[in-house]
Amino acid sequence: MTTTTLDRVEHACAQLHHNGQAITFTAVAAHTGLGRTTLYRNPDLRAVIEEHRHRSTTSGTLAGLTDQIATLHTALDALATRVRRHEEQLRRLKPQKD
């Protein structure tokens with residue numbers, strides 16, 4: 001069974017939360033063996049960490065829900081960008097009709 005980088009980050013965040021530890025980029029990097037720069041620069045990984053951070057620190061409050069919506073919006077934007085890029089790649093791969 002192959003574990004993706006995203007799965008590793010999700011698992012690290014869940015483990016940190018379960019252990020009552022702060023979910024930080026440094027802590028997630030230590031748990032996953034990934035560099036902090038990788039976590040910051042990859043929009044999908046960053047969104048997962050930020051979602052877990054906000055969820056663990058502000059769960060149930062109005063500010064927490066607002067932050068969670070903003071984080072989800074960021075994740076959705078990152079996903080939409082990837083979909084557009086993949087669609088463009090598919091268009092280039094399709095044979096042209098004369």
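Is R46 buried, exposed or partly exposed? With a relative accessibility of 32%, R46 counts as partly exposed; here buried means under 20% relative accessible area, exposed over 50%, and partly exposed in between, with a 1.4 Å probe and protein chains only. We'll come back to that arginine in a minute.

First, the housekeeping. What you're looking at is a predicted model, where local features need pLDDT of at least 70 and side-chain atom pairs count only at pLDDT 80 or more, while totals for chains, interfaces and linings use all residues. Residues are numbered from 1 along each chain as its sequence is written, and side-chain values use heavy atoms, with hydrogens and water left out.

So, the overall fold. The chain has five helices and zero strands, and along the sequence that reads α-α-α-α-α. Helices and strands are DSSP runs numbered from the N terminus (helices are H or I, at least four residues; strands are E, at least two). Of the 98 residues in the chain, 23% are buried. On contacts, meaning heavy atoms within 4.5 Å: take the ones between residues at least 6 apart in sequence, and 45% of them join residues at least 24 apart. The accessible surface of the chain is about 7,200 Å², and carbon and sulfur atoms account for 55% of that. Those areas come from the Shrake-Rupley method with a 1.4 Å probe, and for residues, only the protein chains shown count as cover.

Okay, aromatics. Searching the whole structure turns up one aromatic pair. The rule is that rings of Phe, Tyr and Trp (its six-membered ring) pair if their centres lie within 6.5 Å; planes under 30 degrees apart are stacked, over 60 edge-to-face, and the rest tilted. Ours is F25 with Y40: the ring centres are 4.0 Å apart and the planes sit at 15 degrees, so this one is stacked. The two are 15 residues apart and link distant parts of the chain, with F25 in helix α2 (residues 25–32) and Y40 in helix α3 (residues 36–41). F25 is buried, at 3% relative accessibility, whereas Y40 is partly exposed at 37%.

Now the charges. The count is four salt bridges, where a salt bridge is a side-chain nitrogen of Lys or Arg within 4 Å of a carboxyl oxygen of Asp or Glu. Here's R46 again: R46 forms a salt bridge with E50, and their closest N and O atoms are 3.0 Å apart. Both sit in helix α4 (residues 43–58), and because they are four residues apart, about one helical turn separates them.

Then move along to helix α5. R91 and E88 meet in a salt bridge at 3.0 Å, N to O. They are three residues apart in helix α5 (residues 62–93), so again that's about one helical turn. E88 also forms a salt bridge with R92, with the closest N and O atoms 4.0 Å apart; those two are four residues apart, about one helical turn. Shared partners join E88, R91 and R92 into one network. As for accessibility, E88 is partly exposed at 32%, R91 is partly exposed at 49%, and R92 is exposed at 58%.

Last stop, a nonpolar patch on the surface. Which residues form it? L76, L79 and V83, with about 270 Å² of accessible area together. Patches are made of residues with over 30% relative accessible area and no salt bridge; like charges are joined within 9 Å, nonpolar side chains (Val, Leu, Ile, Met, Phe, Trp, Tyr) within 5 Å. L76 is in helix α5 and counts as exposed, at 53% relative accessibility.

That's my tour, thanks.
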